[in-house]
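My plan is to look up confidence, then the interfaces, then a few single residues.

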Amino acid sequence: MSKRLVTLAIAAVLVLVTVAPTFAQDGLSGELEIFSWWAGDEGPALEALIAKYNEMYPDVTVENATVTGGSGVNARAVLKTRMLGGDPPDAFQVHAGQELIGTWVVAERMEDLTFLYEEEGWMDKFPQGLLDLLSADGGIWSVPVNIHRSNVMWYVPAKLEELGIEAPATWDDFLAVCPTIQEAGLVPLAVAENWTVNHLWESVALAELGVDGWNSLWTGEKAWTDDDVVAMWDKFGQILDCSNIDVDAATLSWQQATDMVINGDAVFNVMGDWAAGYMATTLGLEPGVGFGWAAAPGTAGVFMMLSDSFGLPKDIKNRDNSLAWLKLLGSQEGQDIFNPLKGSIAGRLDSDLSLYNAYLQSAAADWQSNVVVGSLAHGAVAPESFSSEFGTVMEIFLGSRSGIAAANASQAIANQAGIGK
Amino acid sequence: MGMSASRSESRVVQFGSRIVASRDRLYAFLVILPSIILLAIFVYGFIGQTFWWSLTDWSGLEAHAEKNYIGLDNYKMLFSDFGGFRFRQELVNTFFFTLFFLTGCLVVGFLLAVALDQNVKGEGLFRTIFLFPFALSFAVTGTTWRWLLNPKGGVNVLPEVFGLKAWHYKWLNDRSAYTFNWHELPPLVVIAAIVILLFVLIRYIRRRKYLAAIYASIPITLVLMWMLSDWLTWDINHKEHGLFDWQNVPQYVSAIFLVGFLIYVIHLLRGGRRRTALLVGIPMVLFLGWYATGGPGGFPNVAYDEPYGFNLALIGVLVPAVWQLSGYTMAIYLAGIRGIPEELREAARVDGCTEWQVYTRIILPMLRPITLSAAIVLGHISLKIFDLIFAMVGTDYLPVSVPGVQVYVTMFRSNKFAVGSAIAMMLLIMVASVIIPYLATSLQSEHEV
Amino acid sequence: MTVATWIIFGALIGSLGTYLLYEHRGYEPDRGALIGGLVGAVGNLIVLIPLWGYILLKGVPFGQPATKLVPVTVSAIPVEPTQYARARQRSRLLKHSGRFALYAFLIILAIVYLLPVYTVVTTSLKTPQEAGQLKQVWDLPSELHWKSYKTAFDELGPKLRNSFLLTINATVLSALMGSMNGYVLAKWRFPGANIVFPLMLFGMFIPYQSILIPLFQFIQDIDLGGSLTGLVIAHVVYGLPITTLIFRNYYTEVPTEMIEAGLIDGAGFFGVYRWILFPLSLPGFVVVIIWQFTQIWNEFLFAVTLTNENSQPITVALALLAGGEAVKWNLPMAGAVLAALPTLLVYIILGRYFIRGLLAGSVKG
């Protein structure tokens, strides 16, 4: 027993020695915990930003708390449990728009960042449409790091030539070429697990309802049971008939759907523009040659956006460090470090486009000239209570293939979520 | 369990009074006290909190969120409103999953155990191979099998390795199902209840227990009356009733009789007549469940037909689940078979049983307690199952989704903590309804025999 | 009380003390954790080595001859009783053709059971490009790509220490507590024992997602948020029902005469446990350790919620490998292999006792 006591005593002394205080040299010290769901391919971009932060504030220990899995559900579970348990991280990733506002701002968990925007002179550096997404109740609530585009259709140019077709301009055009592609033994449109179907749906809905129709769904001016919405669902069903939805979609990841296009098993794929990062970086294809892109059919001139942002939670341990992190995120330098690696474009209008690849340059041009709308599948336009349960609506549709059933179901969850009230 | 156990039990009490110093009894209590306290907090405290949340309207992440008491509305919603659509689908999935998962594990496990019992060379190796999947996490199993069951690869292309044609089975992607309609469930439940009650009735009459027979026939008559009265006048827009409606009379009467029945069941239980109590109790529970969901004319808010059934996609999760846990049933069956005296088998063989008959007629019946306890362990795993489904199809694939997944999604993605708690409580009630009778029976049998 | 009892409880307290050290590690998380880990490991060795050493060396040591136990605990005893040995001759009855079919059945099933293992291992050795191809799942890797293992180990390695600390401590603590609880519940009557036992068991059946929020809040309230200690406590508590159940059923089978004899000899409460029950407990401990080790090692939900970057076990790091919706499947597969190794090791080492332990304990209702 005594040996054990001695060991314990030695250990205790050692611990005391190691607890010698460190002195802050200048500026900030202490810790900064950054909470995100960026890992794997997306990890390096975040790590580059953290490296920059470390260089600026060497005395701050940055803790990169990444939680992955289940399309971000695990991250949300941990984050929300921690928030409810009174242990907020110093900064956390959140989709700009209703996911930020409807969940966190409404719950009075965030600090108003208007002062930061004014201090840093960001008010005119970000486009107004983006600022609107971040604003509610007279405040601006987070700093956007990147912009992704949702409504992009991907293909391999050589394959289109071989089949003698062009990227369809509308969904009707797509439905017209669909039989040709199917006769060639190929899948016209590759889809993957559930959320990618929601993702496809939002491009179809945007095309069929138009910008005004799409926006008015979220203000409640337009009912989900309107005739044109029901017709849109039915058309969506026809489009799905041209996909692999009933073959192997449910167990594919989005990358595997992209692979189908690249391997020549499928011809088109609608996916956010992180797919460009995957094809260019992971698969090593040259943008424009190895893969081509166009706005999703019927949505040319519209940029359906989503944005990752970081906010400043209330009652955090290291507020100053967190503010410094937000300043870095919003700066031109920070955005140009992060986005080329992440495969997204900067929210700021003044980023250095020479750092970006061909696809991203074209996206940046569209970002400045197009009409901007928000994405449903990625948290911009609807509160989480709606977007989360939209998955069930989609399942009802996939099970019944009835536009009316889906329309009624989505009206029911819109009522519950209080959209338009 | 047998004789020895009961002897031990009675002996404990005896020496407890004579030999044991009170100091030792104090130690015994002190040793178990920390566990009791910890479990009181971690199990019952937390269940209590979850139950309270399920009775409120809590949604949202406010630091001091308002939690208004709304009674059983969340539960009602789960069974009748659109918001419970997913839950109802998942209940049906859980039912079929549990059924086939249990059957699969028990049958495969038993066959493996019998095979390994034949003095096989390399038994240890085989045992380790069959048992090993049990050591993996469901998350790893799920990810791997998701791969293997991809319709365009994995198991389906295995024949190609041997130069054969690839299969085209769709596994998880198969959306076809053998269905029934949720609207038809109440009458189905009622018919089931009536059939059981009739069975009870006949038993009583045959045993000349006429008083009990009258007891049993009353609810049958009432249910029939109620069904007739309500269904004859029921239409979907007819929701308003006066203060006292003739139509409600059967409900009031049957409510009174249900209370009477409850007392009767308790009486039976106290008299140790558990089987009878179960026979009477089950239809009562079914009936109450039906009543809670609105009785005939319930489900007013369902927007469209809800066809449910056995989804073929479930096979895709059943295969990995059985793969993972059949090793466990093999292990305990093997242990059980080894525990049966050789003399018994010899006797059977002398009587002219074939080797297979020895297993099915002699050994299998003797393994009944083992089968039961394995079924309980597997049953609670399957009712709670979460990781496997989550890893294989993510969060929203309804054909194979289960309540465990929905609790997670409802709480942490939709922020509907109250509804999530209600689903969790339903899950707990489901698990409890399997576990409590088992615990009661097994503990009882220890004392009885 | 005997010396051995003191050692056990001393080690328990020491184990907890380790965590306090670990907790108050101050500004140097790595060094503090390392010291905590070392002390914890030594502490556990102090518990484990005498335990196993004693049991393995002595077999069934005390008082009653082993044969007296045979009818009730047929396969509970490490020494094989004659009956068990005789059972092994039985199969001579099978004819040759039957034996051929039997082996064919077993081998085919073994192959089927190993198919997923084959995929995991081969995929982990493929290059990222090869690994993604669905149609080539069954092909062997064209070249052995060990780099995934190095990368995976770099990611998982730092968390390995946490995982071992967590799993060993939680397993040992819950096994010891379960063993004591089982002893009390099986052999000592106290008022309300009949109610306490089923109430304790019910904890086994809670769906964990549903108590995540209260659990986190509680751990936060007792100031253990983000620490390994909090996670250990959670696993010990939720492990208690099953460990108690197994040991209680196990000890019920031990004849009370033995205990009575011990008490008459003046052994006392702890003495009886130490000298009579504990030496008989090996199969029970094996089942409990296998069960708990597997559960705790693989658990993700609590682990990801209750810990922070410094105290995460490897399941969390493993999820990160597969996270970001990975396409480089070689990496997560390599991680899965590494993560499964310790449990596999436990199975191989303890496997031969597992079947017998199961019969003696958990399978009885």
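**Entry 1: confidence.** I began with pLDDT, the predictor's confidence in each residue, from 0 to 100. The model is predicted, so I noted that local features need pLDDT of at least 70, that side-chain atom pairs count only at pLDDT 80 or more, and that totals for chains, interfaces and linings use all residues. Residues are numbered from 1 along each chain as its sequence is written, chains are lettered from A and ligands numbered from 1 in the order in which they are written, and side-chain values use heavy atoms, with hydrogens and water left out.

I looked up chain C. Its average pLDDT is 73, and 70% of the residues score at least 70. Residues 1–10 of chain C stay under 50. Contact means heavy atoms within 4.5 Å. By that rule the model has 12 contacts for residues 1–10 of chain C beyond four places in sequence. Residues 361–365 of chain C are also below 50, with 19 contacts beyond near neighbours in sequence. My reminder to myself: where pLDDT is low, predicted coordinates should not be read in detail.

**Entry 2: chain A by itself.** I looked up helices and strands next. Both are DSSP runs numbered from the N terminus: helices are H or I with at least four residues, strands are E with at least two. Chain A has 17 helices and 14 strands. I then asked how much of chain A is buried. Buried means under 20% relative accessible area, exposed means over 50%, and partly exposed is in between (1.4 Å probe, protein chains only). Chain A has 421 residues, and 62% of them are buried. I also checked contacts in chain A between residues at least 6 apart in sequence. Of these, 77% join residues at least 24 apart.

**Entry 3: chain A against chain B.** Here 40 residues of chain A touch 36 residues of chain B. Buried area is the accessible area (1.4 Å probe) that two parts lose on being put together, summed over both. For chain A and chain B this comes to about 3,400 Å², 56% of it on carbon and sulfur atoms.

I looked for salt bridges (a side-chain nitrogen of Lys or Arg within 4 Å of a carboxyl oxygen of Asp or Glu). The rule finds 4 across this interface. One salt bridge pairs R175(B) with E395(A), at 3.1 Å from N to O. Which elements give two or more residues to the side of chain A that touches chain B? I found α3 (73–84), α4 (98–105), α16 (384–400) and α17 (403–417) of chain A. The most comes from α16(A), with 10 residues.

**Entry 4: chain C against chain B.** I counted 105 residues from chain C and 116 residues from chain B in contact. They bury about 10,200 Å², and carbon and sulfur atoms give 74% of that. How many salt bridges does the rule find here? It finds 0. Helix α4 (residues 96–124) of chain C gives the largest share of the side of chain C that touches chain B, 16 residues.

I sorted that side by class. Ala, Val, Leu, Ile, Met, Phe, Trp, Tyr, Cys and Pro count as nonpolar; Asp, Glu, Lys and Arg as charged; the others, Gly among them, as polar. The side of chain C has 73 nonpolar, 19 polar and 13 charged residues.

**Entry 5: a helix in chain B.** I picked α6 (residues 138–148) of chain B. Of its 11 residues, 9 are buried, so this helix is largely enclosed by the rest of the structure. Among the buried ones are F138(B), W145(B), R146(B) and W147(B).

**Entry 6: two positive phi angles.** D137(A) is not a glycine, yet its phi is positive, about 50°. D137(A) sits in the loop between β4 (135–136) and β5 (139–140) of chain A. Is D137(A) buried or exposed? D137(A) counts as exposed because its relative accessibility is 70%.

N415(B) is not a glycine either, and its phi is about 60°. N415(B) lies in the loop between α17 (403–412) and α18 (417–448) of chain B. At 7% relative accessibility, N415(B) counts as buried.

**Entry 7: one histidine.** H95(A) lies in strand β3 (residues 91–95) of chain A. H95(A) is buried, at 9% relative accessible area. Leaving aside neighbours within four places in sequence, its contacts include W37(A), R76(A), D308(A) and H378(A).
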